[in-house]
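Dear colleague,

Please find below the structure that I am handing over to you. My notes on what was found in it follow directly after.

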Amino acid sequence: MAAAAADWTSLPDDILFEVMRKLGIPDLLNAGAVCSSWRPTYTSLRLPITDKSPCLLYSCDADADDDDVATVYSPSSGATFKLRLPSPAFRRRYMVGSDHGWVATADELSNLQVINPLSGVQIDLPPVTELYHVESFTDDRGRLMYSNQDNWMRRHDPQWLPVPYHPQRLRLFLYYRVTLSCSPSAGSECIVLLLHRPDGELSFARVGDRSWTRLTGIENLPETGYRYAFYNKNDRLFYLLNCLGSIHTLNLNGPSSPVASLIFKEIALWDNPNKSIAVTPRGDMLQVWRCRDPRWVDTPVRFPLEDCDDVYDPCQELYTDEILLFKVDIDGQKLVKMDSLEDYVLFMGFNSSVCLSAKDFPNLKAGCAYLADDAYEEICVNKHTWRELGIWNFKSETLESFGDPPYVLPWLNWPPPIWITPSIY
């Protein structure tokens with residue numbers, strides 16, 4: 001006589017509680033969705049994330065011996081918790097973007113993936129060699145190398161020769177940032193927009209594509225100069241910010257050729273400071289200019305780069321010394337300087353900037369920007385040096401700390417910490 005199937009739905013609450021307490025975050029989320037009788041126990045555990053405000057994803061100094069573990073810190077709840085991520089190891093990734101709860105990372109072969117840290121789901125994007133200007137080869141020692149066919153440099157210097165890169169170094173020089181149109185769980189509906197060298201060119205792919213499509217020869221769309229992009233779900237357009245302050249919209253939704261429009265003209269004479277766009281809950285578009293000041297360190301330290309012949313001697317660090325706020329007046333084609341952030345809160349870094357109302361998140365500091373380091377020009381030459389994190393107070397014009405442990409645990413400089421808005425989808 002066959003044994004009766006076990007009825008897991010009727011497990012005693014105390015046993016179920018103890019089992020769920022020992023689960024990692026992804027397994028706990030799955031357990032809570034198994035059946036309605038398990039849901040109350042799952043709810044009673046209460047994840048440390050209590051709202052939809054951004055959290056900092058970083059590598060904690062206390063986990064220096066465990067490359068797979070990432071730490072998540074919520075400034076809103078003050079909670080810190082750990083996540084174990086799938087291969088490749090978290091400590092060996094380079095963070096180049098985050099949207100919709102997913103993070104875009106580059107592995108040590110300089111190939112891109114998108115990963116949801118909470119669910120652990122990971123999706124490979126087209127390989128780096130599918131970009132129009134990257135080729136692979138083996139050197140005289142039989143090692144994999146990449147060649148960057150920089151047409152921009154060739155136009156300016158006919159004698160210029162392609163630069164060879166070790167696989168784990170190319171990612172530092174090649175990628176500016178990645179922007180997603182929606183959650184990659186939507187499959188081919190998700191468009192991945194990549195800003196990359198040379199000089200802020202654009203390529204895109206849909207989740208599931210095998211190659212990158214270069215955006216070139218598009219009417220009303222210059223081919224270079226882009227440093228920031230975000231996707232507006234309301235009009236289903238990408239907004240592209242040029243290093244000189246101009247803004248273009250880009251429609252990649254239709255089956256026909258991409259459509260672009262210039263909606264805001266250039267207003268800056270130089271490409272510094274770093275510029276980004278944020279949209280307030282009221283719908284106002286802001287340009288945010290982050291000014292950094294290089295400071296020389298007293299005792300330079302030499303850091304070997306893995307599997308590379310050369311060694312960098314980092315001797316300066318970049319500090320934010322001013323952030324300028326402007327409201328973008330599309331009709332008047334001008335920027336209106338703002339004296340304060342009012343009751344808003346900004347989250348800035350390699351993520352798509354997030355602007356929230358402090359009234360909805362009372363534990364966040366109103367009129368402040370929560371900063372993570374996105375100085376890619378510095379990261380690409382000084383991978384292991386100090387990364388800037390903190391809270392920019394617009395009133396005092398100073399950078400404040402997140403707070404002492406246990407609120408936020410000490411972070412490592414690699415990979416660069418990044419803001420995520422947690423989601424299980």
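Which residue in strand 17 is the bridge partner of tyrosine 239? It is threonine 249. Before the details, two sentences on the basis of these notes are in order. The model is predicted, so local features need pLDDT of at least 70 and side-chain atom pairs count only at pLDDT 80 or more, while totals for chains, interfaces and linings use all residues. Residues are numbered from 1 along each chain as its sequence is written, and side-chain values use heavy atoms, with hydrogens and water left out.

**The chain overall**

The chain has six helices and 30 strands; these are DSSP runs, numbered from the N terminus (helices H or I, at least four residues; strands E, at least two). Of its 425 residues, 51% count as buried, a term that means under 20% relative accessible area, with exposed being over 50% and partly exposed in between (1.4 Å probe, protein chains only). The chain exposes about 19800 Å², of which carbon and sulfur atoms supply 51%; accessible areas come from the Shrake-Rupley method with a 1.4 Å probe, and for residues only the protein chains shown count as cover. Among contacts (heavy atoms within 4.5 Å) between residues at least 6 apart in sequence, 53% join residues at least 24 apart.

**Strand 16 and its two partners**

Strand 16 comprises residues 237-242, and six of its six residues are buried. Leu237, Tyr239 and Leu241 point one way, whereas Phe238, Leu240 and Asn242 point the other way. In general, side chains in a regular strand alternate between the two faces of the sheet.

Strand 16 pairs with strand 15 (residues 226-232) in the antiparallel sense over six bridges; two strands pair if DSSP finds at least two bridges between them. Asparagine 232 stands opposite leucine 237 here. The hairpin of strand 15 and strand 16 has four residues between the strands, and arginine 236 takes a positive phi near 60 degrees in it.

With strand 17 (residues 247-251), strand 16 forms four bridges, again in the antiparallel sense. That hairpin also has four residues between the strands, and glycine 245 takes a positive phi near 100 degrees.

Four strands form an open, antiparallel sheet in the order 11-12-13-14. Strand 11 (175-180) and strand 14 stand at its edges with a single partner strand each, so one side of each is left without a neighbour in the sheet. Helix 5 packs on this sheet, touching strand 11 and strand 12, and its direction makes about 75 degrees with that of strand 11 (axes are lines fitted to C-alpha atoms, for helices over the stretch in contact, and angles run from 0 to 180 degrees between N-to-C directions). Helix 5 covers residues 167-174, and eight of its eight residues are buried; among them are Arg169, Arg171 and Phe173. Within the sheet, strand 12 (residues 191-196) and strand 13 pair over six bridges in the antiparallel sense, with leucine 193 opposite phenylalanine 204.

A further open sheet has three strands in the order 8-9-10, also with antiparallel pairing. Its twist averages 35 degrees from one strand to the next. Three bridges join strand 9 (residues 144-148) to strand 10, where tyrosine 146 stands opposite tyrosine 165.

**Individual residues**

Tryptophan 212 lies in the loop between strand 13 (201-206) and strand 14 (213-214). Because its relative accessibility is 8%, tryptophan 212 counts as buried. Not counting residues up to four places away in sequence, its contacts include Leu112, Pro127, Val192 and Phe204. Glutamate 130, another contact, is 82 residues away in sequence and 5.8 Å away in space, C-alpha to C-alpha. A polar atom of the tryptophan 212 side chain lies 3.0 Å from the backbone oxygen of proline 126.

Threonine 280 lies in the loop between strand 19 (274-279) and strand 20 (285-296) and is buried, with a relative accessible area of 5%. Leaving aside neighbours within four places in sequence, threonine 280 is in contact with Leu286, Tyr344 and Cys355.

**Cysteines**

A search of the whole structure finds zero disulfides, a disulfide being a pair of cysteine sulfur atoms within 2.5 Å. The sulfur of cysteine 190 is 4.4 Å from the closest cysteine sulfur, that of cysteine 182, which is too far for a bond. Cysteine 190 is buried at a relative accessible area of 0%, and cysteine 55 also counts as buried, at 0% relative accessibility.

With kind regards

Conventions
Polar contact = N/O pair within 3.5 Å; in protein donor to acceptor, adjacent residues only side chain to side chain.
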